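Q: I have a structure open and would like to learn how to read it, one feature at a time. Could you walk me through it?

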Amino acid sequence: MTNPNPASGSPDKEPATEALQAREEARATPTAPAGDTALKQRPAEAPRPSLGRLFLDNLWAANTVTVTVLAVVLAMLVGAVLIIVSDPEVLATYGYITARPADALNASWTVVSEAYANLFKGAVFDPDAVGFTAAMGPISETLTYTAPLVFTGLSVALAFRGGLFNIGAQGQATIGVVLAAVAGFALPLPPGVHLLVALIAGALGGALWGFIPGILKARTGAHEVINTIMLNYVAVYFLSWIIVQSGVQNPTRSDAISKPVDSSAQLPRLLGDNLRVHAGILLAVLATWFIAWLLNRSTLGFELRAVGANPDAARTAGISVTKTYVLVMVIAGLLAGLGGSNMVLGSTANALTPLVIAQIGFDGILVALLGRVKPWGVLLAALLFGALQAGGNRMQSYSGISLELVTVLQALIVIFIAAPALVKAIFQLRAARAARLQTSLAKGW
Amino acid sequence: MSTTAVPDVAVTAVDEGFWTRARKAGAVLLALGVLAAVLFGALATDQQARFTLSETEGGAALEINGTVGAILFGVIAAATGAALLAGVPKRWFTVLLGAGLVAFVLSFLCWQVSAAPEGRNFMPLVNVLRGTFVLALPLIFGALAGVLCERSGVVNVAIEGQLLMGAFSGALFGSISGNVWVGLVAAALGGAFISLLLAVFAIRYLVDQVVMGIVLNLLAVGVTGFLYERLMQTDATKYNSAPRFSNWEIPLLKDIPLLGPALFRGNIFLYLGLLLVLVIHLALFRTRWGLRTRSVGEHPTAADTLGVKVLRLRYRNVLLAGLVAGVGGASYTLALYSFTKNMIGGKGFIALAALIFGRWSPTGALLAALFFGFADQLATYLGAIGSSIPSQFLAMLPYLATILAVAGLVGRVRAPAADGKPYIKG
């Protein structure tokens, strides 16, 4: 297990290096003439393996899907260890494991399997559920938690592709949630328009908070990682200040909570009033589609990827790097702001509190990395994280396993993803030809 | 910061026109001074602003009429600004800037203290000074951990996680063993555990160091939060009642007015923190290890050519950083509070800010940490005297100051050249 590919700039660079490798391989066979003759000769050299064989080979190679699945498995194993060592009763059985090993194993299996079963039941489907609402409950919860994560994940992923590390999704979402909420309860507007205005307000708030590190980076070279971290905290304090201002604070309450958002500004629920899933998830899919289009089909997306891959080359080619940096951060902020708006216009809360947006910004970083900084990958990753969150709630209330385990699992999954060489070594995977697993930017301050 | 990142823009901080850095700072300071003299002077009352040299209202005190003080110090700040603007020799820059900022703060305090309600219109300097050091302590340890890591070329965003893990394992093992020293060692090892993960993934597996730091912070929050809920909440007496270090009074020194009560009646962590600043400063700039560390952080290839074991040195320094940060975490749980979920609450990121604000040097980090600690303490104090300034805005101060510093408005900051770049031998 020697060192993997030297970390090579942004994830964007890798397709290029792969293409280069392929070309070098082609060049390494001097007998083969260029063009279609090479294609004709190749299969003749070795018998083509059967389809099933190919499938199995690829399955156990270090491709994206296999590594992701194995990373989840590894994370859950570590989580199981944590569950066991934090349960004094189970731990007690390990005191006499040499005398009666079955006790320890049984106790461990019971506590772990029960916890993970509840995780599954809370996230996907509960076999004991009766009726439509109960059966759809877990999925509804999962989608509810997924929606904001898609936005923040896209925000971080888009910035990554442009060669910027947006740690500020948390702060951008915070400013977004403030403006969305204020627009949601302060403006007397008809339904529909009100929702639209609130969403736009949230998006603009996030965009403003993304613009600051973007313009600082472009004008002074100040590193966006530092500035976005700092702006996260400025946003947190701003939120805790504005909540208690008169006109914002709920007049009937003495604690830090704002007035509730008008019902005309709330995202409609999709499956009736008893299920929390709301139109935010539809917006999230729409945003994913749009960002995928933006990245892969638009001029801006091309420039953005060019700048992310190599700013010097992009500049030489006539692309304005500074303009691109600012635009990337503004769009990233806009997305994160929308994610924040989801938290107060959706069904998770309808008023500002100091913890209203929870961790969606930081989780967004994990989601982006897990989704390999590709829009549709981000959507899937957010779905997984949303499921973990929803299942974690049930695990907490049914098995008494703290919700924090979900944070541990999420962090571990991403750690294993980020170091594919480690997963490869643990499971003795073959190196896959098209393994694009480097999440590394490796640019330093 | 990396000026190389965007070379096609005008790098404003190094331009050599009329508007040099000193002149810009002077202009800002002049504006602040005038603002202070006019605004603070107008808002201050005729009450005496008393700065007592003790912890209470009584005793010796420095007194000044509120309005007079606010205007006087505002004018001083404006004067230093004007001097900078007029153009003074470079060696005076730091002194004048410092004096101007201090005068501005004093003007502000004259207003605030004189405007405070009767009975509370005094500022106990001993309390403020001691509070500053107490609040700065985790920042000092955290920033030192950052210095050790980043000077050898590994970005340490995981300070928060290291502090948290240190605080947690200090509390846990201190409680189980009932011995503070066991707790202290466990805390150091807890911090080093996060460091080990950072080192292995950053150095061995070449994972992006900032990414790894962020993920490790989340991991630390998750693991400590999980174990806190499972163990400490269910049986607090067994798992979360660590013994605490008592305060050590240093004979003679403790009787120095003002400084004595604030600095020489503290606990082990205060002395250890200040000692570490000195030790790391000397080690970094006066020893062979320090020279190697700095060279590895600036130009690892050159260092390798000269026979320095780059990766080994990086591993060692990152682990050392973990030990230091772990002890910093213990300064909470083995001296002040029992462990609670996510108790570091962003201090690790302020420590990172202090590291950057202090320009990657131990003494700079100490000063920055003290400045941030002072801002924190001031927020508490102003809250206590019922000030009209929202404490949240004071709490923003460290972060805003760092943004200004990084943007080159308060002088340019530059990271070690190889900071964050993995080294691949060969």
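Q: Into which domains is chain B divided?
A: This is a predicted model. In it, chain B is split into domain 1 (3-115) and domain 2 (126-406). Their centres, taken over C-alpha atoms, are separated by 30 Å. Four residues from domain 1 of chain B and six residues from domain 2 of chain B make the contact. On the domain 1 side of chain B, the touching residues are one nonpolar, two polar and one charged.

Q: Which residues of the largest nonpolar core touch the most other members?
A: That core has 279 residues, and those touching the most other members are B:Leu144, B:Ala167, B:Val215, B:Val324, B:Ala354 and B:Ala369. Both domain 1 (3-115) and domain 2 (126-406) of chain B contribute residues to this core, so it lies between them.

Q: Let me pick one of those. What is B:Ala167 in contact with, leaving aside its neighbours within four places in sequence?
A: The partners of B:Ala167 are B:Ala187, B:Gly329, B:Ala330, B:Tyr332, B:Thr333, B:Phe339, B:Met343 and B:Ile344.

Q: Now to helices. How many residues does α15(B) have, and what span should they give?
A: α15(B) has 23 residues, which at 1.5 Å a residue should span 33 Å; the end C-alpha atoms are 33 Å apart, in agreement. Of these 23 residues, 17 are buried, so α15(B) is largely enclosed by the rest of the structure. Just after α15(B) comes B:Gly386, with a positive phi of about 65°.

Q: Where in chain A does A:Val373, with its positive phi, lie?
A: A:Val373 is found in the loop between α15 (360-370) and α16 (375-399) of chain A. Its phi is near 45°, again positive in a residue other than glycine. Is it buried or exposed? Since 20 or more C-beta atoms within 10 Å make a residue buried, A:Val373 qualifies, because 25 others lie within that distance.

Q: While we are in chain A, how many helices and strands does it have?
A: Chain A has 18 helices and zero strands. Of its 445 residues, 53% count as buried. Among contacts in chain A with a separation of 6 or more, 76% join residues 24 or more positions apart.

Q: How do I read the faces of a helix, and which residues of α11(A) are buried?
A: Start with the geometry: an α-helix has 3.6 residues a turn, so residues three or four places apart point the same way. Helix α11 of chain A (residues 280-297) has 18 residues and reaches 25 Å from its first C-alpha to its last, close to the expected 26 Å. Its buried residues are A:Gly280, A:Ile281, A:Leu283, A:Ala284, A:Ala287, A:Thr288, A:Ile291 and A:Leu295. Viewed down the axis of α11(A), they fall within an arc of 145°, so they line one face of the helix.

Q: What do the buried residues of α11(A) pack against, and which exposed residues does the face turned away carry?
A: The buried residues of α11(A) pack against α7 (132-161), α12 (299-309), α14 (321-345) and α16 of chain A. On the face turned away from the buried side of α11(A), you will find the exposed residues A:Leu286, A:Trp293, A:Asn296 and A:Arg297.

Notes
Residues are numbered from 1 along each chain as its sequence is written. Chains are lettered from A and ligands numbered from 1 in the order in which they are written. This is a predicted model: local features need pLDDT of at least 70, side-chain atom pairs count only at pLDDT 80 or more; totals for chains, interfaces and linings use all residues. Helices (H or I, at least four residues) and strands (E, at least two) are DSSP runs, numbered from the N terminus. A residue is buried if 20 or more other C-beta atoms lie within 10 Å of its own, exposed if 12 or fewer, and partly exposed in between; C-beta atoms are placed from the backbone. The expected span of a helix is 1.5 Å times one less than its number of residues. The arc is that of the directions from the helix axis to the C-beta atoms. Two residues are in contact if their C-beta atoms, placed from the backbone, lie within 7 Å. Domain bounds come from an automatic or database domain assignment. Ala, Val, Leu, Ile, Met, Phe, Trp, Tyr, Cys and Pro count as nonpolar, Asp, Glu, Lys and Arg as charged, and the others, Gly among them, as polar. A nonpolar core is a set of buried Ala, Val, Leu, Ile, Met, Phe, Trp, Tyr and Cys residues joined through C-beta atoms within 7 Å.
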